[in-house]
Amino acid sequence: MSGLTRRSFVGLAVACAACAGVGGVGVAFAGEGELLRPPGGQDERNLAAACLKCDRCRSACPTGAIAVASVGDGFLRARTPVLDFHKGYCDFCDRCIEVCPTGALRPFNEEGDKLGVAVVQKDRCLSWFQGCTVCEDSCAFGALAFVDGHPVVDGVLCNGCGQCEFECTALVYGTFAGGTRRGIVVVPPDVVGALGRTVVEDGSEMEV
């Protein structure tokens, strides 16, 4: 009986290890977390099912804001469209939606739908160091205002167009050594929901 119990225990341990391994592989294939998608690509299930990875949306983007996800984002999501606001911003021209042959990118209302929400990274934002106001006039939706010399984002009005991040000068002219993120960065709506605010006091290079 003790031998049987021992064998059962070993079998259970092996099964648990196998399940953990499968879970790790699943994460690697599917990816974790929400990605910043072009307009109309916010339904991840629809995007995953319909996207041909044809690259037409990226080619059609007039501002160069559309890039492609990497293998690090999950094998299944690699080469699907994402937004890179270091290269451009979304002006909601709908060209990416128009050229999508499968409906992976659906109609999008910039007044009511969100690509993401801008979050100020206090330890990267130059306004806390030398009075920068570059992003002040960038927001076309009235979601960004300066209070006491620092940018404040209205999370309700912000729809994540990314122009503020695109125009932010932090890291552009070598103001800071190292790092990849600017003083204001657009993150998926669920990230802001978890933060509960649109400014990060510390923790630069926040994970999105």
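**Exercise 1. Which residue in the hairpin of β4 and β5 takes a positive phi?**

Solution. Keep in mind as you work that this is a predicted model.

Step 1: Find the strands. β4 covers residues 144–147 and β5 covers residues 150–153. They run antiparallel and are joined by 4 bridges.

Step 2: Pick out one bridge. A145 has V152 in β5 as its bridge partner.

Step 3: Look at the turn. The hairpin has 2 residues between the strands, and D148 takes the positive phi, near 55°.

**Exercise 2. Classify the aromatic pair of F92 and F108 as stacked or edge-to-face.**

Solution. Step 1: Start with the whole structure, where a search finds 3 aromatic pairs.

Step 1: Check the geometry of this one. The ring centres of F92 and F108 are 5.8 Å apart, with 5° between the planes. Planes under 30 degrees apart count as stacked, so the pair of F92 and F108 is stacked.

Step 2: F92 lies in the loop between β2 and α4, while F108 lies in the loop between α4 and β3, 16 residues apart.

Step 3: Judge burial, where the cut-off is under 20%. F92 has a relative accessible area of 10%, so F92 is buried. F108 is buried too, at 11%.

**Exercise 3. How does F141 pair with F92?**

Solution. Step 1: F92 and F141 form an edge-to-face pair, 5.9 Å centre to centre and with 90° between the planes.

Step 1: F141 sits in the loop between β3 and β4, 49 residues from F92.

Step 2: With a relative accessible area of 23%, F141 is partly exposed.

Conventions
Residues are numbered from 1 along each chain as its sequence is written. This is a predicted model: local features need pLDDT of at least 70, side-chain atom pairs count only at pLDDT 80 or more; totals for chains, interfaces and linings use all residues. Side-chain values use heavy atoms; hydrogens and water are left out. Two strands pair if DSSP finds at least two bridges between them. Rings of Phe, Tyr and Trp (its six-membered ring) pair if their centres lie within 6.5 Å; planes under 30 degrees apart count as stacked, over 60 as edge-to-face and the rest as tilted. Buried means under 20% relative accessible area, exposed over 50%, partly exposed in between (1.4 Å probe, protein chains only).
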